[in-house]
Structures are given as structure tokens and as C-alpha cells.
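Colleague: I would like to learn how to read a structure like this one. Please take me through a few features, one at a time.

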Amino acid sequence: MNIRFVGIDPDTDEDGCPTVWVDMEASDLLIQSYTADDRSIARCDALSPAKAPIPAGETVIRIPKRMVSIIRKACDELDSGVR
């Protein structure tokens, strides 16, 4: 597995913080973040183009706006194709 750390929430207290990694082999983002609240999940279900509830094994996570640049950096790493 070729997983690379990309970044952590810049406002971190370093205890259970949103973090981003990239899996260069699978070309996936790995994101640790906050679980969305029940109201947000229900709204996402209602707006889903799949017209079905979020399936087992998937969830909605909430990523703070302050982490957008870290997500972009992770996407850029995957786009670069450097393994």
C-alpha cells in the first residue's frame, strides 16, 4: 500500500482531528473527519440522485471549509500520478 499523509486540520488540537491521506495505488482519498449529524444525513438521503438511503458501509462526513486547500492538495497528488 502506498498511502501518503497530505494534511491535518490547521486548527487541530491533535486529538481526533480531520486528516487527509491519498492511496496512490487505488487513486483514492482517505479522509478522517466528523460524522454528519442525523439531520444532515437525512437531508442528504432526501437529495440523493440514487433515490435510496445511504447504504451500509457508507456514511456522510463533514469536512470543515478550512480543509478545502488540503483536499485540493490531495487531489493534485492523485492527478500527478507520481507513485
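Colleague: Does D11 count as buried or exposed, and at what relative accessibility?

Modeller: Keep in mind that this is a predicted model. A residue is called exposed when over 50% of its relative area is accessible, and buried when under 20%. D11 has a relative accessibility of 57%, so D11 counts as exposed.

Colleague: Which side chain does D11 meet in a salt bridge?

Modeller: The general idea comes first. Side chains of opposite charge can pair when their charged atoms come close. Here D11 forms a salt bridge with R66, at 3.5 Å from N to O. D11 sits in the loop between strand 1 and strand 2, while R66 sits in the loop between strand 5 and helix 2, so the pair ties together parts that are 55 residues apart in sequence. R66 is partly exposed, with a relative accessible area of 38%.

Colleague: Which residues are linked with D11 in a network of salt bridges?

Modeller: The network links D9, D11 and R66.

Colleague: How many salt bridges does the structure hold?

Modeller: There are 4 salt bridges in the structure. One of them joins R4 and E77, whose closest N and O atoms are 3.5 Å apart. R4 belongs to strand 1 and E77 to helix 2, so this pair ties together parts that are 73 residues apart in sequence. R4 is partly exposed, at a relative accessible area of 25%.

Colleague: What distance, N to O, goes with the salt bridge of D37 and R62?

Modeller: The distance is 3.9 Å. The cut-off for a salt bridge is within 4 Å, so this pair counts. D37 lies in the loop between strand 4 and helix 1, and R62 lies in strand 5, so parts that are 25 residues apart in sequence are tied together. D37 is partly exposed, with a relative accessible area of 39%. R62 also counts as partly exposed, at 43% relative accessibility.

Colleague: Over how many bridges do strand 1 and strand 2 pair?

Modeller: They pair over 5 bridges, in the antiparallel sense.

Colleague: How many residues lie between strand 2 and strand 3 in their hairpin?

Modeller: There are 4 residues between them, and S27 in the turn has a positive phi of about 55°. The two strands pair in the antiparallel sense over 5 bridges. Across this pairing, V22 stands opposite L29 in strand 3.

How values were computed
Residues numbered from 1 in each chain as written. Predicted model: local features only at pLDDT ≥ 70, side-chain atom pairs only at ≥ 80, totals over all residues. Heavy atoms only, no water. Buried < 20%, exposed > 50% of the residue type's maximum accessible area, 1.4 Å probe, protein only. Pairing = 2+ DSSP bridges.
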